[in-house]
Amino acid sequence: MGAKDMTVYLNGGFVSQEAAVVSVYDHGLLYGDGIFEGIRIYSGKIFRLEEHLRRFFDSAKAILLQVPLPPDKLAAALQEGVKRYGKDEGYIRLVATRGPGDLGLDPDKCSAPTLFFIIDTISLYPEKFYREGIPVVTASSRRLPADGLDPRVKTLNYLNNIMAKVEAKQAGCIEAVMLNQRGEVAECTADNIFIVRDGVLATPAPHCGILQGITRQTVLELAIEEGISARETVLTRFDLYTADECFMTGSGAEIVPVARIDGRIIGSGNPGPVTERLHHAFKRLVGGQSLAKVR
Ligand code: PMP
């Protein structure tokens, strides 16, 4: 359960934690028919709000979901939520579902979409992981192909990613690398992946079947500012194993160094110099806050 001082907006207004409930007939729950965003608050400001809203509304459009508020009104509600929340650091989970319907799939039988957001603390990983790096494995669960469900849509269907996460945990690891149907590297279960080889940064291109992460985009921009060459390309497991450095990126996790992949030590086994440089640049960008946690 979240902290008592969480802030929740549900279908048009702010509600207490007790009133923050949705129907058991909600198709977001029954079928995963919905979309979401995970957004950070740094120094009292919503990080990359415009980009998150753009992705949210693109996801909605792709699945023919009418978000009950237009982007400017939703942005205003989020800003109001941040004010009510009152803390400088936080995490926003924004969700829109098809809403309550009957027990059939038909989205047209849903009365009205459900829209809510929660503002709360988040702490995905202990600080140690950021200092030492994490071990990951390749999962046998593949990322869904774009002709099944485009991974650029941030839907509420995360079960294949969750199964990959379970595989990672069963292997004594923290995270899993997910491949696409061609066996190329796509991303981790809720984070994008980068490698560094000979000083060049590389990350799977959007056509490899990834969610186009906003932290990923931020890191690509920081690389330009830092004079680090970067490319979006096709990566295989061989590229991961032989990389000098590897890290994952995501709004919740931020930048997490990867120390070991499928039992192979990456580089020195410690966070590498390019990872550290980007990590520091990211920290500066978000106002010098700790990357590891929000409390
Ligand atoms: N890939 C997946 C599958 C994700 O769910 C996420 C979001 N946690 C990311 C990548 C990272 O995206 P962002 O940097 O926008 O949080």
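**View 1. Helix H8 and the glycine after it.** Glycine 287 follows H8, and its phi is positive, near 95°. Helices here are DSSP runs of H or I with at least four residues, strands are E runs of at least two, and both are numbered from the N terminus. This is a predicted model, where local features need pLDDT of at least 70 and side-chain atom pairs count only at pLDDT 80 or more, while totals for chains, interfaces and linings use all residues. Residues are numbered from 1 along each chain as its sequence is written, and side-chain values use heavy atoms, with hydrogens and water left out. H8 has 13 residues that should span 18 Å at 1.5 Å a residue, and its end C-alpha atoms are 18 Å apart, which agrees; the expected span is 1.5 Å times one less than the number of residues.

View 2. Val274, Thr275, Leu278, His279, Ala281 and Phe282 are the buried residues of H8. They sit on the same side of H8 because they cover an arc of only 165° around the axis, the arc being that of the directions from the helix axis to the C-beta atoms. Over on the other side, Pro273 and Arg284 are exposed. Buried means under 20% relative accessible area, exposed over 50% and partly exposed in between, with a 1.4 Å probe and protein chains only.

**View 3. H6 crossing H8.** The axes of H6 (residues 214-225) and H8 (residues 273-285) come within 10 Å and cross at roughly 105°. That makes H6 roughly perpendicular to H8 (65 to 115 degrees; under 35 is roughly parallel, over 145 roughly antiparallel, the rest oblique). Axes are lines fitted to C-alpha atoms, for helices over the stretch in contact, with angles from 0 to 180 degrees between N-to-C directions. H6 brings Thr215, Thr218, Val219, Leu222 and Ala223 to the contact, and H8 brings Leu278, Ala281, Phe282 and Leu285; contact means heavy atoms within 4.5 Å.

**View 4. Helix H3, residues 71-85.** H3 has 15 residues and reaches 21 Å from its first C-alpha to its last, close to the 21 Å expected at 1.5 Å a residue. Leu74, Ala75, Ala77, Leu78, Gly81, Val82 and Tyr85 are buried in H3. Their arc is only 160° around the axis, so they lie on the same side of H3. Asp72, Lys73 and Lys83 are exposed on the other side.

**View 5. Leucine 105 in its loop.** Leucine 105 lies in the loop between strand E5 (90-97) and strand E6 (114-120). Leucine 105 is exposed, with a relative accessible area of 61%.
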